[in-house]
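Here are my notes for a first look at this structure. Have the model open while you read, and take the points in order.

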Amino acid sequence: MKVTVSRKAHFNAAHRLYNADWSDARNAIVFGKCANPNYHGHNYELIVSVNGEIHPETGFVMDMKVLKKLIENEIEEKFDHKNLNEELKEFRTLNPTAENIVVVIWNILRPKIDDKLALSITLYETPRNFVEYSGE
Ligand code: NI
């Protein structure tokens, strides 16, 4: 009997989307307002979901206190109130799109969570735009 448990989290961060190999005009067409050279912010919402068997002794799939702390220490500390392009080494050469951010977050959390549990992450960049990654 497998159950999914999820924890929501939040961070604010600035970014700029651009491809250094392209002209400013092409960047503006492809990335729109997100290509603004002076950066802009988003209120990112994160849902971290863990799927696995219910442990017979605790009745938990995963202790939510542990998951909460893990997200605080590994994600919120690292991403909140940061300029992603300038301050996170992961995005020095990687465009900080929602797609790339969700993969980076998954790669940070995956080694910290029991191998027997499946990990899936949903990242909202705006209330209407969101991406999901499960490591495939
Ligand atoms: Ni943007």
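**Notes on the model**

1. Let's start in a loop: Thr-93 sits between helix H3 (84-87) and H4. Helices here are DSSP runs of H or I with at least four residues, strands are E runs of at least two, and both are numbered from the N terminus. Thr-93 is exposed, at 81% relative accessible area (buried is under 20%, exposed over 50%, partly exposed in between, with a 1.4 Å probe and protein chains only). Lys-69 is 24 residues from Thr-93 in sequence, and their C-alpha atoms are 29 Å apart in space.

2. A word on the basis: this is a predicted model, where local features need pLDDT of at least 70 and side-chain atom pairs pLDDT 80 or more, while totals for chains, interfaces and linings use all residues. Residues count from 1 along each chain as its sequence is written, and side-chain values use heavy atoms, leaving out hydrogens and water.

3. Now the sheet. Five strands make an open, mixed sheet in the order S3-S1-S2-S4-S5, where pairing takes at least two DSSP bridges between two strands. Strand S3 (82-83) and strand S5 (130-133) are at the edges with a single partner strand each, so one side of each has no neighbour in the sheet.

4. Going through the pairs, S1 and S2 are antiparallel over 14 bridges. S1 and S3 run parallel, joined by two bridges, and Ala-13 has Lys-82 in S3 as its bridge partner. Strand S4 (residues 118-124) is antiparallel to S5, with four bridges; there, Leu-123 is opposite Val-131.

5. Helix H2 (residues 64-79) packs on the sheet and touches S1, S2 and S3, at about 20 degrees to the direction of S1. Contact means heavy atoms within 4.5 Å. Helix H4 (residues 98-109) lies across S1, S2, S4 and S5, at about 145 degrees to S4. These angles run from 0 to 180 degrees between N-to-C directions, with axes fitted to C-alpha atoms, for helices over the stretch in contact.

6. Which residues hold the nickel ion? Its protein donors are His-15 (NE2), Cys-34 (SG), His-40 (NE2) and His-42 (NE2), 2.1 to 2.2 Å away. Donors are N, O and S atoms within 2.8 Å of the metal (3.2 Å for Na, K and Ca); water is not among the atoms, so sites may look incomplete.

7. The angles at the nickel ion are 92 to 133 degrees, which makes the four-donor arrangement tetrahedral (all angles between 85 and 135 degrees). Both His-15 and His-42 are buried, and His-15 stands opposite His-40 in S2.

Key. Tetrahedral: all angles 85-135°; square planar, octahedral: opposite > 155°, others 65-115°.
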